[in-house]
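Here is a short briefing on one protein chain. Look over its sequence and its fold before reading on.

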Amino acid sequence: MVREMDIYDVDHVVAIHLRSFSGFFLSFLGYQFLKAYYSAVCYAADGLRFVFLDESGKIAGFVVGASNPRGFYSRLLKRDWYKFAAASVEAIFRNPLIIPRLLRALLFPGSNPVGLHVAGLFSIAVSPSDQTKGGGTMLLSAFIAEAGRRGCKQIVLTTDKDNNDAVNKFYVKNGLEVSRQYSTPEGRQMNEYCLDIALHA
């Protein structure tokens with residue numbers, strides 16, 4: 001079962017995020033930062049968010065994103081800057097060198113298209129024990145359907161190109177196509193995917 005994510009789901013979503021994205025930058029920022037982030041997504045009018053429930057009704061996966069994705073993080077920061085500042089203190093204390101990357105992630109617009117015609121998918125994850133139950137496909141389908149209902153014409157997302165075969169195969173299997181490849185300032189090789197919602201339907 002898939003339903004819209006609400007504020008009461010955030011703790012479960014953060015736990016799944018930390019298990020699924022160990023070693024990634026957002027995970028390094030820690031539990032409090034992730035809680036502030038996913039809470040802000042729940043309250044954002046342009047946020048797209050769903051959770052996947054297992055047979056017992058427990059949250060076993062999630063997907064989040066937004067329409068008009070360029071600048072989404074800076075819009076969240078403008079509204080809830082004090083929450084993100086407080087949530088960042090621990091990570092900055094552990095490694096002050098992350099400050100430039102954190103500011104770039106929050107303040108710079110990136111390369112996502114601008115406008116309500118496009119939806120950006122930011123994160124999707126399913127608990128390891130539930131990954132053979134179709135939760136990822138159901139979450140992606142719900143995300144695409146809701147984006148279409150909001151008038152979006154296209155889905156965009158990025159993921160690692162290297163050492164990420166299962167994820168890349170998942171997106172290709174579900175109809176997304178690589179639109180470009182690029183390197184981040186940290187040297188990560190990335191695939192950018194896009195999907196035409198009308199063609200997907």
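This is a predicted model: local features need pLDDT of at least 70, side-chain atom pairs count only at pLDDT 80 or more; totals for chains, interfaces and linings use all residues.

Residues are numbered from 1 along each chain as its sequence is written, and side-chain values use heavy atoms, with hydrogens and water left out.

**The chain as a whole**

- The protein chain has eight helices and seven strands; helices (H or I, at least four residues) and strands (E, at least two) are DSSP runs, numbered from the N terminus.
- Of its 201 residues, 46% count as buried, where buried means under 20% relative accessible area, exposed over 50%, and partly exposed in between (1.4 Å probe, protein chains only).
- Among the contacts in the protein chain with a separation of 6 or more, 70% come from residues 24 or more positions apart; contact means heavy atoms within 4.5 Å.

**Helix 1 and helix 3**

- Two packed helices are described by the angle between their axes and the distance between the axes.
- Helix 1 (residues 10-20) packs with helix 3 (residues 31-43) at an angle of about 125°, and their axes are 9 Å apart.
- Axes are lines fitted to C-alpha atoms, for helices over the stretch in contact, and angles run from 0 to 180 degrees between N-to-C directions.
- Helix 1 and helix 3 are therefore oblique to each other; angles under 35 degrees count as roughly parallel, over 145 as roughly antiparallel, 65 to 115 as roughly perpendicular and the rest as oblique.
- On the side of helix 1, the contact is made by Val10, Asp11, Val13, Val14, His17 and Leu18. On the side of helix 3, it is made by Tyr31, Leu34, Lys35, Tyr38, Ser39 and Cys42.

- Seven strands form an open sheet with mixed pairing, in the order 1-2-3-4-5-7-6; two strands pair if DSSP finds at least two bridges between them.
- Strand 1 (2-4) and strand 6 (177-183) are the edge strands, each pairing on one side only.
- Averaged over the sheet, neighbouring strands are turned by 25° against each other, direction ignored.
- Strand 2 (residues 47-53) and strand 3 (residues 59-67) run antiparallel and are joined by seven bridges. In this pair, Leu53 stands opposite Ile59 of strand 3.
- Strand 6 and strand 7 pair in the antiparallel sense over six bridges, and Tyr182 stands opposite Met190 in strand 7.
- The hairpin of strand 6 and strand 7 has five residues between the strands, and Gly187 takes a positive phi near 95° there.

**A helix on the sheet**

- Helix 6 (residues 135-149) lies across strand 1, strand 2, strand 3, strand 4, strand 5 (154-160) and strand 7 (189-196). Helix 6 runs at about 160° to strand 4.

**Two single residues**

- Cys152 is in the loop between helix 6 and strand 5. Cys152 counts as buried because its relative accessibility is 4%.
- Cys152 and His117 are 35 residues apart in sequence, but 4.0 Å apart in space, C-alpha to C-alpha.
- Ser123 is in strand 4, and it counts as buried because its relative accessible area is 8%.
- Apart from neighbours within four places in sequence, Ser123 is in contact with Tyr38, Phe62, Val63 and Val64.
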